[in-house]
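Q: Hi! Could you walk me through this model before I set anything up with it?

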Amino acid sequence: MRFFNHRRHGHIIGSVYLVHFARPYHGAQHYLGFSTNIPQRVKAHRAGRGAPLLAAVTKRGIGWRVVRTWKRKDGYFEQQLKHSYNLRDLCPMCSGPHAHKKGH
Ligand SMILES: [Zn+2]
């Protein structure tokens, strides 16, 4: 796939995903990530790799799951979401079905 060649992270096309924790960890209850392969990425997170926050949450025995994904996006879109929204407002677990109207 030519997107991967000599491109910065921001230009790679993949999926942005939102993780919701069953209970807050140090005030955080969400994690927003970017990956070209979410199932593989989730496996890595479950194994404690890839993101210090999710590794800590997993270690504490706090359940978490991917509650929302945005397909065919790039790292810039991830940053844009992070800067423009409270992750809670984007989360269908916390904000209900209308959360899906936000962040397109
Ligand atoms: Zn949530």
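Q: Where is confidence lowest and where is it highest among the elements?
A: This is a predicted model, and pLDDT is the predictor's confidence in each residue, from 0 to 100. Helix α3 (residues 75-84) has the lowest confidence, at a mean of 93, while β1 has the highest, at 97. Helices (H or I, at least four residues) and strands (E, at least two) are DSSP runs, numbered from the N terminus.

Q: And what's the average over the protein?
A: The mean pLDDT is 89, and 90% of the residues score at least 70. Residues 1-7 stay under 50, and the model has five contacts for them beyond four places in sequence. A contact here means two C-beta atoms, placed from the backbone, within 7 Å. Where pLDDT is low, the predicted coordinates should not be read in detail.

Q: OK, what pattern does the protein follow along the sequence?
A: The pattern is β-β-α-α-β-α-α-α, with five helices and three strands in the protein. Its radius of gyration is 14 Å, close to the 13 Å that the globule rule gives for 104 residues, so the protein is as compact as a globular protein of that length. That radius is taken over C-alpha atoms, and the rule is 2.2 Å times the number of residues to the power 0.38.

Q: Which order do the strands have in the sheet?
A: The open sheet of three strands is ordered β2-β1-β3, with antiparallel pairing; strands pair if DSSP finds at least two bridges between them. β2 and β3 (64-73) are the edge strands, each pairing on one side only. From one strand to the next, the twist averages 20°.

Q: How many bridges link β1 and β2?
A: Seven bridges, in the antiparallel sense, between β1 and β2 (residues 28-35). Ser 15 stands opposite Ser 35, and Val 16 is opposite Phe 34. The two strands form a hairpin with two residues between them, and His 26 in the turn has a positive phi of about 50°.

Q: Which strands do the helices touch?
A: α2 packs on the sheet, touching β1, β2 and β3, and its direction makes about 40° with that of β1. α3 lies across β1, β2 and β3, running at about 160° to β2. Axes are lines fitted to C-alpha atoms, for helices over the stretch in contact, and angles run from 0 to 180 degrees between N-to-C directions.

Q: Switching topic: which residues touch the most others in the largest nonpolar core?
A: Leu 18, Val 19, Trp 64 and Leu 90, out of 13 residues in that core. Such a core is a set of buried Ala, Val, Leu, Ile, Met, Phe, Trp, Tyr and Cys residues joined through C-beta atoms within 7 Å. β1 gives the most to this core, with five residues.

Q: Last one: is Pro 97 buried or exposed?
A: Pro 97 counts as exposed because it has 7 C-beta neighbours inside 10 Å. A residue is buried with 20 or more other C-beta atoms within 10 Å of its own, exposed with 12 or fewer, and partly exposed in between, with C-beta atoms placed from the backbone. Pro 97 lies in the segment after α5 (92-95).

Conventions:
Residues numbered from 1 in each chain as written. Predicted model: local features only at pLDDT ≥ 70, side-chain atom pairs only at ≥ 80, totals over all residues.
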